[in-house]
Amino acid sequence: MTEASEDTACNPIEAAARALTCEFAAAGDVSGQIARLIDMGRAFDGLPDGDKNAVTRIHGCQSQLWLKAQRNGQIMTFRADSDSLVMRGLLAVILQIYEGKRPDQIVRHDSGAVDTLILTLAPSRASGLRSLKQRIRESAEAAL
């Protein structure tokens, strides 16, 4: 095994993305996957209204979308919200992947599995989710 493939195999971000890919594959067809996203959106803890502002707003999505990122010790924590239930489910997915990871892991990550998951679940939301991933990366870079 090469050094690059060992790094990918041990990468907690890739592992989380692969686990979620399997979870959604087990949900069956598109309607089962959307139902799973909606369930995740309903259970997702969003942001308090006071944190929904111009600083946390992410543009490029057809829905309203906010992200608040912080470094807590050695790891990044994220809170997010959207006015769309499906997007809230997608936020739950993305934050499961990046939550609790170190900033250097986020910055070094080549998001192939994450991109594949996003395009599989919500191709029409890809632009907003790319903007979200970019903000997550920028937040991690700032935390280094």
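In this predicted model, helix H4 meets helix H7 through Met87, Leu90, Leu91, Ile94, Leu95 and Tyr98 on the H4 side, while H7 contributes Leu129, Leu132, Lys133 and Ile136.

For H4, which spans residues 85–98, and H7, which spans residues 126–143, the angle is about 35 degrees and the axes lie 11 Å apart. The crossing of H4 and H7 is right-handed.

Attention now turns to charged side chains. Side chains of opposite charge can pair when their charged atoms come close. The structure contains 11 salt bridges, one of which joins Arg36 to Glu23 with an N to O distance of 2.7 Å. Because Arg36 belongs to helix H3 (residues 30–43) and Glu23 to helix H2 (residues 12–26), this pair ties together parts that are 13 residues apart in sequence.

Aromatic rings remain to be considered. Across the whole structure, the search finds zero aromatic pairs.

Conventions:
Residues are numbered from 1 along each chain as its sequence is written. This is a predicted model: local features need pLDDT of at least 70, side-chain atom pairs count only at pLDDT 80 or more; totals for chains, interfaces and linings use all residues. Side-chain values use heavy atoms; hydrogens and water are left out. Rings of Phe, Tyr and Trp (its six-membered ring) pair if their centres lie within 6.5 Å; planes under 30 degrees apart count as stacked, over 60 as edge-to-face and the rest as tilted. Axes are lines fitted to C-alpha atoms, for helices over the stretch in contact, and angles run from 0 to 180 degrees between N-to-C directions. Helices (H or I, at least four residues) and strands (E, at least two) are DSSP runs, numbered from the N terminus. A crossing is left-handed if the near helix is turned anticlockwise from the far one by less than a right angle, and right-handed if clockwise. Contact means heavy atoms within 4.5 Å. A salt bridge is a side-chain nitrogen of Lys or Arg within 4 Å of a carboxyl oxygen of Asp or Glu.
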